[in-house]
Structure formats: C-alpha cells, structure tokens
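I opened the notebook today to go through the contacts in this structure one by one. The entries below follow the order in which I looked things up.

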Amino acid sequence: MISLNVNGQSYQVDVPSDTPLLWVLRDILHLTGTKYGCGIAVCWACTVLINGQADKSCDVTVGSAAGKTIITVEGLADFRLPSEPIGTKGMGQKLQEAWIAEQAPQCGYCQSGMLMQAAGLFLEQRHPSGGDINGAMKNVCVCGTYQRVKAAINRASTAV
Amino acid sequence: MNKPTISQATAVDRRKFLKVTGGFLLALTLPVATNRALADTSIPANATGTAFIRIGADESITVLVGGGEMGQGIYTGLAMGAAEELMVTWEKVKVEPLPAIASWLSAGSGGIRSRLPTFLKAGAAAREMLVSAAAQTWGVPVASCQAVNGTVKNLVTNEVLTYGQLAPLAATLPVPAAPVLTPAANYRIIGTPAARPDLVGKVNGSAKYGLDAVVPGMALGIVKHAPVMGGTLKTTPSVPSGASAVVPLGATATNPVNNAIALVSWLPGANTWGLMETMKSISSNIWNTPANAALLDSNVFKSQAMSLLGRGAPFIAEQKGNVDTAFASAARVLEMTYTLPYLPHACMEVLNCTVRMTPATAPFTACEIWAPTQAPSSVLTTVSAVTGLPKTAITVYPMFMGGGLGRKFEQDYITQAITTAMAVGRPVKLVWPRSEDMTRDQYRPMAVTRIRVALDAAGNITGWQNRHVSPSISAQRRTTPLTAHDANATEGATALPYNLPNRLIDYVQHMSPIPVGYWRSVGYSINCFAVESAIDEVALATGADPLTLRRQLLSTSTDPLAARTLAVVNAAAAAAGWETTAVPAGRARGIAVGQAFGTIVAEVAEIGVTYTGGVPTNFTVYKVACAVDCGTAVNPNSVEAQMQGGIFHGLSAAKWGELKWTAGKSSVTNFNKYRMTRLSEAPVITTTIVNSGAAMSGCGEPGVPPIAPAVANAYAKLTGVRVRDLPFFPGATMGG
C-alpha cells in the first residue's frame, strides 16, 4: 500500500511503486482532470504540483510521490500562495478567473496542465516577467491558446 | 457524465411541440445546405438541421446543440442565435448537448453557418408563441404585448408574465410558419464577444473528455496494431500475466482479417500504464508483415508522385480560356514544384471509446457509448451495424474532445471498443496509446504540385497551369475508382479569385496504401501553400511587390470573390504596416491569402531567421497580422480564437510537421519526434474581422492555409532561399 496526499485528502493505493503518478490519479483515483498527452515527459499535459513544484505526473513514480503534498487541477480552487492569507482570494481561484476572463481554453484538454504550471510559476515568482512566463510555460497546446494564456497569467499576477 | 437531458425520443416531429413537465420544448427543422459530401452515407445530401429550445417552468432557457465540442465554440454560436430572438440575455441561456439521434457532424467548418438560420427562426417562433399566450391570457391583441428579457409585458397595463408562467399555454399554440426575425442591425448578442459556457469545467478539471469516462465495473483496454502498415494478426496471443483478456480486432464482414489486438484488464489496480508495460511482453511473432512492406517508403512514394506529374490521365478540375495558346506565346515561363508530407492529426487527447453493453453478454438489448466524436450520428450508425441493435437502443453520450482536427470524425476506434466490450462481457474503456494514435492515423495526404506560369514581355500573367498529384481521400473510402477529380484534393487550387483568364487545374490520383483522412482544412492547407508561394515567386521574378501584384490580380478580376478578397488583403496589410511601418532590421514580411469554406483569410507574417554555422536552422515569427471575412462574425471572441488556433496549427506543420515511412513503419511515434510551437515561440497575432455582410461562413479551418505560404514568402525575401518542400526543418525533435 502506498499513501498519497492529493488535494488535502489521503488515499491508499495498491499498485507497483514504479507506476507513474499520472495513471494512479486517472485510473485508480478517478481524478481525471490531469491529462495524458504523450506519456514520455514532453508535453506537460499531466502537470501537477508536488510539494509546491510543478512536475509531469507521467514522469513521477507513485512511490516517489508517496507522502508528498500533491495538488491537481481538482484542488486548484483551494490553492493559495504563502503570501495569501486564509480568507482572501487565493492564486488558484485568481488563475481560474483570469483564464475565464481571457476565454483562454479552446478544446481545453491541455489547460489543466497549463493552470498547474502557472500555479507553480507563481510559487517561484509572484510577479513573473514575460521571460519568466516563456521559460516556465512549456506545455504543448495544439489549439494555440498561448496568447490568451499569457494574458491570463498577467491578469492573475495583478489580481487581488 | 454529460448525460443528455432529453429522452432518446425518435419522435421529434417537424414543427411540433413536445411537452415536458412544467415547460415546453420546441423542435424546429428547416432545410439547410451541406457544404461537402462526406463519406458517411447516413447523412443525406439534403440533411436537415434541427433547433431545440426548452423553456422551463423555473424560467430556465435551454438550447440543445448537436455536433461535438472540440474547442471551436459550437456550444456558443447557435445558442446565441436563439437567445437573440428570444429577447433574453446571453447569461440567461444554458446549453446542453443533443442526443446523437438528433445530432450532426462537426466537419467542414459548418457548425454555425449552416444552422444559425434555424436557431434564429426557432427563437423567434418560441418568442411569438409566448407573446401569443400572454395576449390570450390578458385578452388583448398581440400588438399590445412585448417580449422583454424573459418576460412578456402588457404595454397597456404594464402587467408582466414570465416565460415560465406562459410556457404551458404557449405549448398548446400553433407554431408560426414565418415568425418575424430581428433585423441584423438591431442584434444585441450576435456579433458581441460572448463567453463560452464550457470553459468553467475546463479550468477546474470537471469537464469530461472521452478519455475521462468512468463506468462502474469497467475494464481498461489498450489497442495495438500490426507494427507494419498493412500487417495482419497471425495468431492471437495467449493472455499474458498482468492482463485478463486479448481480443483480436479489425475483421469485418467482407474482410475477415484482424490487424490489431486489444489487451484488457479487470484485475485490481488495473491501469493504462500497466497495460502498456504488459503489452511489451507480447511477442512480435504474432504479426504478419505484408509482402509489399519494403515499398511502403517515403522515398518510393515521392518518386511515384514525381513521375505521375508527367504522365497518367489527369482529371480536369477547372479550365478557363486557352492555356495552350497562352504558353505557346509566352515571353517567359516559370515552373515550380511544391511537395508536402503526410501529417498526423496529433490531437492532444488520444483516440478512445468506452462501451457498456446491456446485458453484459449476448443477446444484447442496449448499448451505451462514451466517446470523443465529431460525428455522434455516425457513431450511432456504427454501433447499430456492429451490434445489430436498433438505433433506439443505443445511447451516445456527448463527451468533450481534446482536439478533433478531422480525426475524430472517423469510426475505427469506436468499432474496436464495441467489439472488445462484446467479447469480454463487461464495460470497457479502450484507449489508443500515443504511439498508436501517431502510427495508425488517417493522415493528411502527401502532395506534389507543379505550377507553371506564362508571362508576357511586360511580366503579366497570361497563363496558369496547376497539376496536383495526391492520394484521394474519397477514393480510398469506396470500392469504385475515381471518375472525376477529387474536389477535396483540389480545393484551394481551383476557383482562385485572381485575374487568371487562361487557367488549367488538373488532378492525378496517387494510389497510396497509407490511409488518408480529413486534416483541419483538408485540401486548402496543401493547395494554398503552392498557389500563394507561386504568386510570390511571380512577384519576385517580375520585380513586383507581392502585395501590389495581388492587388492588381484582384482589382482586375471579375471573380465574384475578388472584391472581398482584396478588402481582406488590404486589411491584413494595413494591420501589419506593410506600407507604413519599416520592417525591423533582420526581419522580413510575407503575405498570403486564401479562401476556405467560404471564409477569406489573409495573413502577414513578420519573421527573423536563426543561423547555425551560416545555415538557417530556425525562424522566429514575431507577428502575424490576420484579417478574416466570414460574412458575419457571430462570436468575435471565437473567431479570433479560431484564427489563432489555425495559425499555430499551420505554423507548426510548416516548420516541422512531417511523418515519413520506412518499410511500412512511421518515423513518428510520439511528440518527441513531432515538434510543435510552444508558448515561448508564439507570435503576437492580431485578428481584424472584416464584416462584409456576405453570407455567413465557417471559421474552424480557414485560419490554417495562409500561414505556411506567408512564412515561406517572408523566408524567401529574408534569405533568398525559396522553400518549396515542406517542412522547413525536417527531422525536428521536441524535448520536455
């Protein structure tokens, strides 16, 4: 049994420890917001936060994620930066609102990963520059939402 | 699950109200034009579109929409039309997917343009019936009543009744045959940037794509096809440790040969990765390799296509004037040959389908399908054919698509999943791993195009000849040979708006064993590259400015689209500052224009080139100025998004997109060998919407074609190198 902490909830899963976290989230826990794109750590569709670090869940074994704090897109609404006190609007909600305000998603499939990548970026850089955004947002989007994603990140950066 | 909320009723009668508890449902059908003949014979040429509007006793207003949502905004545009005529705000309207039996294909950029008139009329009809119900209730003339924001107001007494209150009486009234439509000048909603209702679920993880389907008790399965294209299954392997079943796939009534297997597990802890690992333990000896495998090679395909340029019996696609005379008297002839590779769709969401048969084992009485599909109605036909069940016993749940791009119109993955579920006697989610999605696509056809241009002594174009050689999508889907040109292959090469009085466009079919399919914008993306590159080559050869040449060819043309095309070209040029803003040092601009599905798009790309060891190895697109005339933009927000999407799709393909074949195996098995544009490489795109007022036309695809020639034209100007063979940079890879 492997113990996982996902979005503040504890789970026990009985799978080989080398199973990628992605497939435990999707196929075992049915947290399907995290997406499968390539399975080879290229496209970042499967991005989640692990101990505050955005990472590709297809490239992280469930064994190595055990005991760590995992946040998926299903938990994004409750995500807040250390500088955002309880009772104020957190960055997760700011990101979601900014994404809607800019009407960023098209098919939407890569957007969970985009949002979690952006959340990770804000943990590192409270007001990311254009260069910071370019460097962090490696997620592949076939629909070409990049321009609106950039605008949404900038909007979230200044949201209160 | 996005369950359809109206029953699987087949009795959706023409012009009839279906009463629902406490409210009413209006179903209205009008003839609509279909824009292209698709292979699916279940959709007649004169297919009808149906608009459904439900007014609830709780004041809810729901518009039911068919097709499939893949990012194109199908759940927005049509419902905007209904809201417009119902005199309610956009925020008041909910959108739900139609059940498959009343649904339609999402293809040919036709989702909104072909059906909006029906939705407008349905909204107006419902409004007039609600107003009539109020007039009856108050005993006043209809003229004394007015629909206002979800209510009807008595203009004499100022009394108000809500739509919910009026719905039961309205449901008993006749449907007006010719409801009065709102003049376009008075539109409150159409033409405004309406928010898409599907985005909330797309930012919190609750939106369910096909791959997200979870059915109680379901098994998981993955597909593996014969590793060599055309290969077949020799022996069904025994079930390996770590799985529960192996199901042979691919046999049909007319061809009892399998070409794939499903590996299925219902063991505790079953997961997709575990199945992919287990699949590796199955010996490759189970597959037969086709005898012609060595010929399934991109070099062979290319030499075949090149030889077909000069021989064979072409089908004439378009002929005007006298090309022979024009070339015989030409002062100068330019001849250019352009080649384009096979391309996969590479949707972010791999193919998948979930099936539940009821009962789990035969004889079956019902079947439910959860699938990402552009063609819910075709899925219904497929399920009925495979299971023998009547369509009324089949439910297709609409799921979001993680991209469709023309691939999720096909039925192969649906058939496989049904076969698997019937074989294992339990619900199954069947998934194509990324490697299968890339190596068993139905690819954009490769193409070779030779354009010859006759010029007079002054450099004017006097003759235009375009021979196009490519596999035929439509011919591959039927048993009889072509008897005329394949319009999907030549679209974008024919009907050019330019003043080209002597022209001959013909087509030679290239028989190819590689399966080909509909790739976003189909023939247009191929032919626009050749045509608009060639026009630029004429400009360079004659010393003309590429913009000036296009203006001249359009302003002297009698083609019905010439004036609109000229306006779009001018709008893009103005937005790019072609004549007003100097190009920064080290950059160049290129322009191209194309029409697809009735929509005209011009794009100006401003690029700079990266050199490694003196050789151009990459280019950066800094800006794209896009102008689009789709007649009337229903939702400018979506039009802009679709233009951006089309530009990225076309740009990635032009720079890096290529899938080669060696001994029947694809060179691309995953994204690491299929580079796509990333955010850090994204140009700033401006979209200028030219509302010409012409007939409405689609936007999902027309943004794609002009970007490849626009960047090729800029590249030629900047480097002196004319790229006629796509992609620009073959063999590109992509890391994490």
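Before reading any surface figures, I noted that buried area is the accessible area, taken with a 1.4 Å probe, that two parts lose on being put together, summed over both. I am working from a predicted model, in which local features need pLDDT of at least 70 and side-chain atom pairs count only at pLDDT 80 or more, while totals for chains, interfaces and linings use all residues. Residues are numbered from 1 along each chain as its sequence is written, chains are lettered from A and ligands numbered from 1 in the order in which they are written, and side-chain values use heavy atoms, with hydrogens and water left out.

**Entry 1: the two domains of chain A**

I looked up the division of chain A and found domain 1 (2-74) and domain 2 (75-158), with bounds that come from an automatic or database domain assignment. The area buried between domain 1 of chain A and domain 2 of chain A is about 1,400 Å², and carbon and sulfur atoms give 62% of that area. I then asked which residues supply it on the domain 1 side, and found that W44(A), L49(A) and V73(A) give 36% of the area that domain 1 of chain A buries against domain 2 of chain A, more than any other three residues.

Taking contact as heavy atoms within 4.5 Å, I noted that 17 residues of domain 1 of chain A meet 17 residues of domain 2 of chain A. The centres of these two domains, taken over C-alpha atoms, are separated by 19 Å.

I next looked for salt bridges (a side-chain nitrogen of Lys or Arg within 4 Å of a carboxyl oxygen of Asp or Glu), and the count between domain 1 of chain A and domain 2 of chain A is zero. For polar contacts, I used a pair of N or O atoms within 3.5 Å, where within protein one must be able to donate a hydrogen and the other to accept it, and residues adjacent in sequence count only if both atoms are side-chain atoms. Between domain 1 of chain A and domain 2 of chain A there are eight residue pairs in polar contact, both residues at pLDDT 80 or more.

**Entry 2: the interface of chain A and chain B**

How many residues does each chain bring to the contact? Chain A brings 52 residues and chain B brings 59 residues, and the area buried between chain A and chain B is about 4,500 Å², with 59% from carbon and sulfur atoms.

Across the interface of chain A and chain B I recorded three salt bridges and 25 residue pairs in polar contact, both residues at pLDDT 80 or more. On the side of chain A that touches chain B, the largest share, five residues, comes from α6(A).

The side chains of T32(A) and K208(B) are joined by a polar contact of 3.1 Å.

Is T32(A) buried or exposed? T32(A) has a relative accessible area of 1% and is buried, where buried means under 20% relative accessible area, exposed over 50% and partly exposed in between (1.4 Å probe, protein chains only).

**Entry 3: salt bridges within chain B**

Over all chains, the search of the whole structure gave 33 salt bridges. In one of them E349(B) pairs with K408(B), with the closest N and O atoms 3.0 Å apart, and both E349(B) and K408(B) are buried.

E410(B) forms a salt bridge with R477(B) at 2.7 Å between the closest N and O atoms. E410(B) lies in the loop between β18 and α9 of chain B and R477(B) in the loop between α11 (473-476) and α12 (487-490) of chain B, so this pair ties together parts that are 67 residues apart in sequence. E410(B) counts as buried at 7% relative accessibility, whereas R477(B) is partly exposed, at 26% relative accessible area.

Note on methods. Helices (H or I, at least four residues) and strands (E, at least two) are DSSP runs, numbered from the N terminus.
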